[in-house]
Amino acid sequence: MGFFDNHGLSFRQKKALESDRSFDLLGIEKAAEEAKIPEIEGEKEIERSLRYGLEAAPSIGDRTISTFTREPRPAYAGIPTFLRTPFLEDVRRVGEYDVAFIGVPFDIGTTYRAGARFGPEAIRRISKLYTSYSYEYQVDLKESLKMCDVGDVFTIANIEKSFDQIFKAVSHVFAQGTLPIMLGGDHAIGYPCLRAIADNVDGKVGIIHMDRHLDLQEKDMDERMHTTPWFHATNIPNAPPENLVQVGIGGWQVPREAVKNVRKFNTTVITMGDIEKHGIDHIADIALEKAWNGANAVYLSVDIDSFDSGFVPGTGWPEPGGFLPREGIQFINRVASEGICGMELVEVSPPYDVSDQTALLGTRVISDVLAAMVKAGKLGKQF
């Protein structure tokens with residue numbers, strides 16, 4: 001008898017698994033579903049790469065490789081745009097796209113650790129690791145969406161002037177019928193971004209805000225800073241505080257002034273304790289019900305510090321005890337599946353990041369939001 005003859009006998013002697021693996025294992029189901037997704041845009045991308053980047057040297061066996069890289073290979077090369085989407089130099093044409101990524105390199109609204117002005121650059125750079133295809137969602141963003149990167153808003157060394165610039169940029173994109181995705185930047189940008197959306201929506205706009213902090217003060221250090229966006233955003237007539245839901249709040253960095261405004265404005269605050277008690281799905285239902293109550297659109301604001309600081313070292317105001325990545329992604333999936341009118345991902349601060357893990361999680365959040373919307377039929381094409 002050989003050494004391995006007795007190994008695994010109880011499983012090898014079974015004629016079949018007790019359950020049908022093709023239906024019980026998601027991994028097998030997803031692999032089967034991939035066959036339904038076309039590769040039309042991927043093939044076009046290779047054709048463009050060969051046309052514009054020249055065919056590879058004769059010694060190269062893979063003839064889909066070009067001389068100058070013009071496609072998402074290799075991950076360490078190429079000029080970084082978010083998910084390698086085309087850079088749109090002429091922003092007057094943004095209405096031709098489903099989604100536009102907008103960099104907002106602004107961090108003079110920070111009250112502690114600056115550096116989020118480098119967030120858009122870091123997010124774009126690490127996003128080159130990603131393909132446009134998600135195994136879990138069975139969505140290929142490249143095939144379902146027409147996406148572009150419009151570059152960065154020209155922010156000024158003045159908070160209020162930068163707010164005006166951000167407002168104009170986001171308003172332009174949204175008014176063309178394109179979904180704006182903002183890469184921050186500190187959380188002060190929440191106010192001008194939301195103002196731009198609300199200015200172009202006929203009806204109320206709800207807000208779902210993921211954070212460890214309330215950001216509900218009127219001023220901080222006598223200015224409108226990253227601790228104040230939702231005080232001012234909810235003063236916009238069609239973005240009432242009753243439709244503001246703040247999820248993940250807690251810890252030792254929540255100023256009492258902001259807490260007083262929770263009572264004053266009648267906003268909805270959900271702590272990590274609430275999430276542990278009721279579960280992600282029930283909390284998502286509450287958030288959606290409150291944000292969508294009488295609203296025509298809902299805006300999503302994700303502060304990367306809503307995740308536990310152990311997973312996001314590169315942020316301006318880290319706080320332990322937040323979302324685990326899998327929990328946060330699950331919540332975002334539920335929220336985005338109902339559709340959003342715009343989104344910001346803020347407070348990635350590369351000078352404090354370790355191995356780009358904060359920027360990578362930010363990339364994952366944005367990618368999952370788009371995939372969830374496509375999967376739910378709220379955006380782009382389905383297959």
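Which helices and strands do the buried residues of helix 8 pack against? Keep that in mind as the tour begins.

**Before you start**

This is a predicted model, where local features need pLDDT of at least 70, side-chain atom pairs count only at pLDDT 80 or more, and totals for chains, interfaces and linings use all residues. Residues are numbered from 1 along each chain as its sequence is written, and side-chain values use heavy atoms, with hydrogens and water left out. Helices (H or I, at least four residues) and strands (E, at least two) are DSSP runs, numbered from the N terminus.

**Stop 1: helix 8**

Select residues 190-198. This is helix 8, and eight of its nine residues are buried, so the rest of the structure largely encloses it. Buried means under 20% relative accessible area, exposed over 50%, and partly exposed in between (1.4 Å probe, protein chains only). Colour Gly 190, Tyr 191, Pro 192, Cys 193, Leu 194, Ala 196, Ile 197 and Ala 198: these are the buried ones. They pack against helix 7 (159-175), strand 5, strand 6, helix 9 (229-233), strand 9 and strand 10 (342-346).

**Stop 2**

Eight of them form an open sheet in the order 4-1-5-10-9-6-7-8, with parallel pairing. Two strands pair if DSSP finds at least two bridges between them. Strand 4 and strand 8 (268-271) are the edges, each pairing on one side only. Neighbouring strands are turned by 15° against each other on average, direction ignored.

Axes are lines fitted to C-alpha atoms, for helices over the stretch in contact, and angles run from 0 to 180 degrees between N-to-C directions. Contact means heavy atoms within 4.5 Å.

**Stop 2: strand 1**

Select residues 99-104. Six of the six residues of strand 1 are buried, so the strand is largely enclosed by the rest of the structure. Val 99, Phe 101 and Gly 103 point one way. Ala 100, Ile 102 and Val 104 point the other way. In a regular strand the side chains alternate between the two faces of the sheet.

Look at the partners. Four bridges join strand 1 to strand 4 (residues 147-152), and the two run parallel. Six bridges join strand 1 to strand 5 (residues 179-184), also parallel. Pick Ala 100: Cys 148 stands opposite in strand 4, and Pro 180 is its bridge partner in strand 5. Then pick Val 104, which stands opposite Gly 184 in strand 5.

**Stop 3: Gly 119**

Which residues does Gly 119 touch, leaving aside its neighbours within four places in sequence? They are Gly 184, Val 348 and Pro 350. Gly 119 lies in helix 5 (residues 119-127). At 0% relative accessibility, Gly 119 counts as buried.

**Stop 4: helices 13 and 14**

Finish with residues 325-336 and 357-375. Helix 13 and helix 14 pack at an angle of about 30°, with their axes 8 Å apart. That makes helix 13 roughly parallel to helix 14; angles under 35 degrees count as roughly parallel, over 145 as roughly antiparallel, 65 to 115 as roughly perpendicular and the rest as oblique. Residues making the contact include Ile 329 and Ile 332 of helix 13, and Val 365 and Val 369 of helix 14.
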